[in-house]
Amino acid sequence: KLSRKFVDGLPKAELHVHIEGTLEAEMEFAIAKRNQIDIGAKTPADIDRNYGVGLPEFLKAYYKGMQVLRTKQDFYDLTAAFLRKEADSNVKHLELFFDPQAHTSRGIPFATVIEGIHEAIVDAASLDIDVQLIMCFLREYSQESAMQTLKEAEPYHKKGWILGVGLDSDEHHNPPLKFMLVFAKARNQGYYLTMHCDLHQVDTVDHIKQALEIITVDRLDHGLNIVENADLMTFLIDIKIGITACPMAYFYTRKVMEQKAINKLFNNGALISFNSDDPAYKGSNYINDVYYKFAQKCNWSEKELVRIAQNSFKTSWISQQEKESYL
Ligand code: HPA
Ligand code: ZN
C-alpha cells in the first residue's frame with residue numbers, strides 16, 4: 001500500500017507551476033493590508049477561492065488575486081514562501097512560471113517583478129533546491145506585446161535569470177501560431193520553449209499540432225487532448241518531448257481528473273510528469289498532494305510514481321550530467 005511518507009520523500013522536479021498561482025488567501029490578505037488595498041475581505045476566509053469550474057472562471061479569480069502584488073517585497077515574499085514549501089516537499093529542481101504582462105499591464109515595472117522573484121531564489125541557496133524561471137506570455141495579448149516583454153527580459157536572460165519562455169492564459173481563439181515570430185526570436189536568443197495547450201479548449205488538438213510541429217516546443221504543458229490523435233501521440237513519444245500534467249487542476253477546471261488520458265500516455269511510454277499548476281487556487285493541493293491523490297485514485301503503487309518522478313527530471317532543462325545524478 002502506497003504511503004504518504006514515500007510520496008513526501010521521493011525526490012522530484014516540478015516543471016509546471018505559476019508563482020502567481022501559489023498566492024494563498026492568507027498571504028493575499030496580509031499583502032493587501034500592508035499595501036493598504038481594499039479587497040473587500042475582513043479575514044482571509046472572506047477571500048473566496050471557490051470560483052467554479054472552467055478555465056475562464058479560474059483565470060478571473062487568478063488575475064483578481066494577484067492585484068495585491070505591487071512591490072518587489074511582495075514578489076519576494078510570495079516566492080520565498082513557495083520555495084520553502086517546495087524544498088520541504090523534496091522538490092530538487094523547479095522550473096517556475098511567472099506572468100510579467102499580468103503585472104506590467106497594471107503599471108508594475110518588469111524590473112520589480114523579476115528582481116523580487118530572483119532575490120528570493122538567490123536567498124534560497126541554502127535550501128537544496130535548484131530553481132529556474134520560465135517567462136510566460138499571456139495569449140490574449142498581442143504578439144507585439146509579447147515581443148515587448150521579450151525585449152524587457154533580454155538583460156535578465158543574458159544574466160542567466162530566465163531559462164525558458166511559455167504561453168498561458170486564455171486559449172480561446174489564441175492559437176500557438178499567433179506567437180510564431182516571438183517564439184522563433186526567443187529560440188534564437190537561447191531560451192527553451194514550452195506552451196500550454198489546455199484541456200478541452202476550442203481546437204486544442206490543432207494547437208498541440210502547431211506547438212509540436214511548427215513552433216517545435218521543447219515541452220508541452222497540459223496537452224492531454226493529444227490522446228485523441230494517435231499519430232500525434234506517437235510523434236510526441238518518438239521525439240521524447242515531455243508533457244506536464246496537472247491532475248488536480250483538471251479536477252478544478254472540469255470536475256474530473258483526466259485519469260484515462262494520463263494513464264494512456266503513461267502506459268504508452270510518454271514522458272509525462274505531475275505538477276501542481278496553481279496550488280493556491282486548486283484546493284491548496286501542492287506537488288505531493290497531487291502525486292498521492294492521483295495514485296490513490298488510480299491504484300498506483302510506488303513503482304508508477306517513481307517513473308513519474310524520473311520523467312520529471314528527464315524532461316527538465318538541466319544538463320545531462322545533472323539528470324543522471326537524479327536517475
Ligand atoms: N492555464 C492557462 N493559463 C494559466 C494557467 C493554466 O493552467 N495557470 C495560470 N495561467
Ligand atoms: Zn499552467
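This is a short tour of the structure above, stop by stop, with something to select at each one.

Before you click, note that the model is predicted, with local features needing pLDDT of at least 70, side-chain atom pairs counting only at pLDDT 80 or more, and totals for chains, interfaces and linings using all residues. Residues are numbered from 1 along each chain as its sequence is written, chains are lettered from A and ligands numbered from 1 in the order in which they are written, and side-chain values use heavy atoms, with hydrogens and water left out.

**Stop 1: the zinc ion**

Select ligand 2, the zinc ion, and then His16, His18, His196 and Asp277. These are its protein donors, through NE2 of each histidine and OD of the aspartate, at 2.1 to 2.2 Å. Donors here are N, O and S atoms within 2.8 Å of the metal (3.2 Å for Na, K and Ca); water is not among the atoms, so sites may look incomplete. Along the chain, the donors follow the spacing H-x1-H-x177-H-x80-D. His16 sits in strand β1 (residues 12-18) and His196 in strand β6 (residues 196-197), so this pair links parts of the chain 180 residues apart. Helices (H or I, at least four residues) and strands (E, at least two) are DSSP runs, numbered from the N terminus.

Are these two histidines buried or exposed? His16 is buried, at 0% relative accessible area, and His196 is buried too, at 3%. Buried means under 20% relative accessible area, exposed over 50%, and partly exposed in between (1.4 Å probe, protein chains only).

**Stop 2: ligand 1**

Now select ligand 1. Among the residues around it are His18, His196 and Asp277, along with Leu55, Phe58, Tyr62 and Asp198; a residue is listed if one of its heavy atoms lies within 4 Å. His18 has a polar side-chain atom 3.0 Å from a nitrogen of ligand 1, and Asp278 has a side-chain N or O atom 2.8 Å from a nitrogen of the ligand.

**Stop 3: the nonpolar core**

Next, pick Phe98, Ile162, Phe183, Leu265 and Phe274. They touch the most other members of the largest nonpolar core, which has 100 residues. Such a core is a set of buried Ala, Val, Leu, Ile, Met, Phe, Trp, Tyr and Cys residues joined through side-chain atoms within 4.5 Å. A second, separate core of 5 residues includes Ile134, Cys136, Leu163 and Trp317.

Zoom in on Leu265. Neighbours within four places in sequence aside, its contacts include Leu224, Met233, Ala270 and Ile272, where contact means heavy atoms within 4.5 Å.

**Stop 4: Asn311**

Select Asn311 in helix α14 (residues 302-314). Asn311 counts as buried, at 2% relative accessibility. Leaving aside neighbours within four places in sequence, Asn311 is in contact with Ala270, Leu271 and Ile272. A polar atom of the Asn311 side chain lies 2.9 Å from the backbone oxygen of Ile272.

**Stop 5: helix α13**

Finish with residues 287-297, helix α13: 8 of its 11 residues are buried, so the helix is largely enclosed by the rest of the structure. Tyr291, Tyr292 and Phe294 are among the buried ones. Just after α13, look for Asn299, which takes a positive phi of about 55 degrees.

Technical notes:
A polar contact is a pair of N or O atoms within 3.5 Å; within protein, one must be able to donate a hydrogen and the other to accept it, and residues adjacent in sequence count only if both atoms are side-chain atoms.
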